[in-house]
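Visitor: Hi! Could you walk me through this structure, one spot at a time?

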Amino acid sequence: MPFGSIWGDSMDRSEIKVCVLRIEGTNNEDEMYYAFKRLGASPELVHLKDLKDIFDYNCLMIPGGFSAGDYVRAGAIFASRIRAKIANDLHRFIDEGWPVGGICNGFQVLVELGVLPGFKRMDYPDACLFLNNSARFECRPTLLKHENKGKCVFTRNIPKGEIMLVPSAHGEGKLLLPREKEQEYFDRLFENDQVVFRYVDKEGEYAGYPWNPNGSAHNIAGICNEAGNVFGMMPHPERAYFDKNKNGISGMNVFESVLKYIEEK
Amino acid sequence: MSGKQNVYEINLDLPDEKLLELSRKIGIGLSLDEMKSVRNYFREQGRNPTDIEIQAIGQAWSEHCCYKSSKSLLKKFIFNIEAPQNIFVIKEDAGVVEFDKDYAYVLALESHNHPSAVEPYGGAATGIGGILRDVVCMGAQPVALIDPIFFGPLDLPYDQLPKGVKHPEFIFRGVVAGIRDYGNRVGIPTVSGSVYFHPGYTGNCLVNVGCVGIIKKDDIIHSRVKELGDIFVMVGGRTGRDGIHGVNFASAELDEESETSSRSAVQVGDPITKEPLIHACLEANTKKLLNGMKDLGGGGLSCVVGEMAHAGGFGAKVNLEKVLLKEKGMKPWEIWVSESQERMMLAVSKANLQTVLDIFDKWDVDAAVIGETISERRVLVYYEGEKIFDMDSEFLTGGPVYARDVKVVKKDQKDVKTQAPKDINDILIKMLSDPNIASKDWVILQYDHTVRGSTSLTPLYGDVVNFSPQDSAIVKPVEELNKGLVISTAVNPFLLEYDPYWGAASAIDEIYRNIVAVGGRPHSLADCLNFGNPEKPERFGDFYQAVMGLNFATKDLKISFSSGNVSLYNESMIGSCPPTPTIVGIGIIDDVEKKVSSNFKKEGNSIYLIGKTEREFGGSLYYRIIGVEGGIAPKMDPQNLINYSNALLSSMEKGIVTSCHDLSEGGLAVAVVEMAFGSDYGAIIDLPLFKDMRADEFIFSESNTRWVVEVKDEKAFESLLNKNNVPYMKIGKVSGRKLEIKQNGSKIIDAPIEKLREKWKNAIWEHMG
């Protein structure tokens, strides 16, 4: 592959290769593909079986869906298959600062992999996305407030405090942390600027159901790792691509942000 | 015939009554006359049939597979309606209609009624599985699912539940879960549907399912073999004992034994096999590696091999032991008729075979070469080298056609004079709490309707957490085009029960209104005709009248039925279901950004009523609520429907209409309040005095061809409607947070929207929450 070192140089948009990774049951890959394609990047739909080297790509995205049916626990099977195939490479990819993103089922996969919240390097989950309080799958629009102060490479292009309408569609979206470390972990998430999106009502307040569709503590909808280059969120910015808010912000800005980051990396 | 391969000779040299008993015993449900013609055929062959041969005939000749009762009527009155946009329709598993110069959309609609009555979760899930295959086998990418479902009353007391029948609440819960788990996992959005509760569905629920796909015209593939030597490759799920005799089960009434006797007729669905199967089939097709593709549905291999070979002008030779099985010890006839899910049949030329097998291997989907085409138009089946099946495909696929007796029961419809009700507020609240009107969010929000990221108008839409029901959904199926598919469904069983002819015509009127209400031009239709036992002349009379009503309403509209399905024998020990011709309509909107939703947009905007309101209360919600029988069923005039729709669409194109909702059950009052539900606003409606109607009658009439619209430029709107001779009335404005309806200054309805919304939102949750 004629793909030399891109370190140190600013990249051309069309050279940015995004790996949209899938297995059976991943079913949000087309909209993820187009989210990057529309912005001029070069996304590729890659079946995990066909993935040769993660370092062929500048960004790894895990789309939503029901990978392997979510039959064991949401995202668990996909995560263990990724781990079996590329565990060491994935850690290196992250350590080198390349962006890794997961939406919905993809967020669940990143948590199952242990790379989110990612307080330390581990190969087992340190959190989970648990059954919604309503105990059912729900597809509904949600309002998200962007809360990140600039660490998350997927949202640097979105002003802090911006509120955007993004559809949610999941049955297991409630972020749970280990009970004995719950307070400590939440404190760290906030102190480290790892909280990215929170569910709010029309006034921008942290409101209960149905504004918060799953009962997630602190209304958390999306988080990143300590370095800011691994990011997961439950709602679907790739489905709200053209629904701009009054300041012109939409789901598109998530993908624009990460491409800008790669260009400048 | 040796018993070595588990194949047995069936002796047909029997007296008539024994012949009929045999048909029942082996579970194929053929009539005496049909059994006699089978006997004659094999007498000419000079032998008896094998068990696998007679089972194959039982599949191919079932009502479900060959439409023997309905075919002649449908040919004459439904499928002869011409429309220039049709590419090819009716002949295959799904209709193909032009979308733009490069793309076509594919539409299919089916029923999965009997399986869902016996096993709600599996029946409904595999209904989705089947309709997806119908669309995929044309080579199309599915982009939307549609689920009209019908149940008995949720509050039915258990002591009134007939023996062997499951409670409507249990069936409803199971069906919705089945649709949710299959549709969401396979990743195709469920964007449209309807939910009805009526006592006539208690013993026999209806679960209809539709699918829309999109395809490049060059990629359209047919359900037939192409040339001599084409190889049959069976792909997807393995074959098991689930779903044996499904089509025969679908072609008989349900009885109290159905649970035990027919459980094995219901298949087991697996969306996580289906999802990669769809990818693999579409990849092989777009790479032009396939000569033909057809799904395995009703009748299994038995139907697919014969039909594919016959349609291509060839015969087929199959080696049955090559079929991949779920379990050991299956008899050859079981393999041949099994309706196991997630299976497709490909016809592939020898040159492309290895490339095709490699694609399926990449996706971890099983593929097996099971046979090939032969020049003689016969179907030959071998099992480990021994010939166990040898029939000519003409006889096998040429099922009987009947002209069933029709008895039309005409009701004498008279206008009824009713007393003015004391509390009209209370009637409106009762309407909003009726499960047929109440919010279906319990159902709709469980379905993923935004997956694929192409849903431009969702079925519930409004102010983030408060929704108005939308008349249609809009999906934008092609990345590079702004054009959208407008998708809707309509049928009112209460009206059809009252008057099958005008009820069916009204369903066409409603589907047309629904599509126009969001800014779409109606483009094509699909019908799923759910009726009772066609061997009963009164039931078939209902069918006949509904077909005539559909014909009357549709023949001048220049849109036609591109796909359809007939489900008869929807009958249990407590009677037939109401006549239910479910209609799915597809419209086109040139720019999805120009969509019009039903929720109010701005305080102060004017509200208009388009169309004429008549004293039409036959089969209406109003008369059900106040307990009055009789009345005149709503009529419709196709020419008015076209004229009013065209004027409304031009006003939408000019951007003067900010919201629009069609009037159906509950009439004007329910329509206006539903528009308020998805907004922060209320409405003040001020009506004049009417010559022949009280205000309560005016606001609850269910006359056809009417819409409520919110308008921002009154002058432009009125002049456009005047110019086109469309009757309209300015009735009020978007205002406050209450619904106030006045006549000549005196209030007849005065209620806070929040209170009405709560009644509307909670009615189904109270049963299901």
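Visitor: Which residues does B:Asn565 touch, not counting residues up to four places away in sequence?
Guide: In this predicted model, B:Asn565 touches B:Tyr67, B:Leu109, B:Glu110, B:Ser111, B:Asp527, B:Cys528 and B:Leu529. Contact means heavy atoms within 4.5 Å.

Visitor: What joins the side chains of B:Asn565 and B:Tyr67?
Guide: A polar contact of 3.3 Å joins them. A polar contact is a pair of N or O atoms within 3.5 Å; within protein, one must be able to donate a hydrogen and the other to accept it, and residues adjacent in sequence count only if both atoms are side-chain atoms.

Visitor: Is B:Asn565 buried or exposed? And where is its place in chain B?
Guide: B:Asn565 is buried, with a relative accessible area of 4%. Buried means under 20% relative accessible area, exposed over 50%, and partly exposed in between, using a 1.4 Å probe and protein chains only. Its place is in strand S20 (residues 561-567) of chain B. Helices (H or I, at least four residues) and strands (E, at least two) are DSSP runs, numbered from the N terminus.

Visitor: Before we go on, what should I know about the numbering and the model?
Guide: Residues are numbered from 1 along each chain as its sequence is written, while chains are lettered from A and ligands numbered from 1 in the order in which they are written. In this predicted model, local features need pLDDT of at least 70 and side-chain atom pairs count only at pLDDT 80 or more, whereas totals for chains, interfaces and linings use all residues; side-chain values use heavy atoms, leaving out hydrogens and water.

Visitor: Thanks. Which UniProt annotation covers B:Asn565?
Guide: An unreviewed UniProt entry has a "binding site" annotation that covers B:Glu110 and B:Asn565. They span 456 residues in sequence, yet no two of their C-alpha atoms are more than 5.5 Å apart, so they gather at one spot. UniProt positions are given in the numbering used here, feature names are shortened, and annotations may be inferred rather than shown by experiment.

Visitor: Where is B:Glu110 found?
Guide: B:Glu110 is found in strand S3 (residues 103-111) of chain B. At 22% relative accessibility, B:Glu110 counts as partly exposed. Leaving aside neighbours within four places in sequence, its contacts include B:Asp134, B:Cys528 and B:Asn565.

Visitor: What does UniProt say about B:Asp134?
Guide: The unreviewed entry places a "binding site" feature at B:Asp134 and B:Asp295. These two span 162 residues in sequence, yet no two of their C-alpha atoms are more than 6.3 Å apart, so they gather at one spot. B:Asp134 has its place in helix H7 (residues 120-136) of chain B, and B:Asp295 is found in strand S8 (residues 292-295) of chain B.

Visitor: Are those two buried or exposed?
Guide: B:Asp134 counts as buried at 4% relative accessibility, and B:Asp295 is buried with a relative accessible area of 7%. The side chain of B:Asp295 also makes a polar contact with the side chain of B:Arg133 (3.4 Å).

Visitor: Let's hop to chain A. Which residues does UniProt list for "active site"?
Guide: The unreviewed entry lists A:Cys104, A:His236 and A:Glu238. They span 135 residues in sequence, yet no two of their C-alpha atoms are more than 10.8 Å apart, so they gather at one spot.

Visitor: Where is A:Cys104 found?
Guide: A:Cys104 is found in the loop between strand S4 (100-103) and helix H3 (105-113) of chain A. It counts as buried at 6% relative accessibility. Leaving aside neighbours within four places in sequence, A:Cys104 is in contact with residues including A:His170 and A:His236. A:His236 is buried too, with a relative accessible area of 0%.
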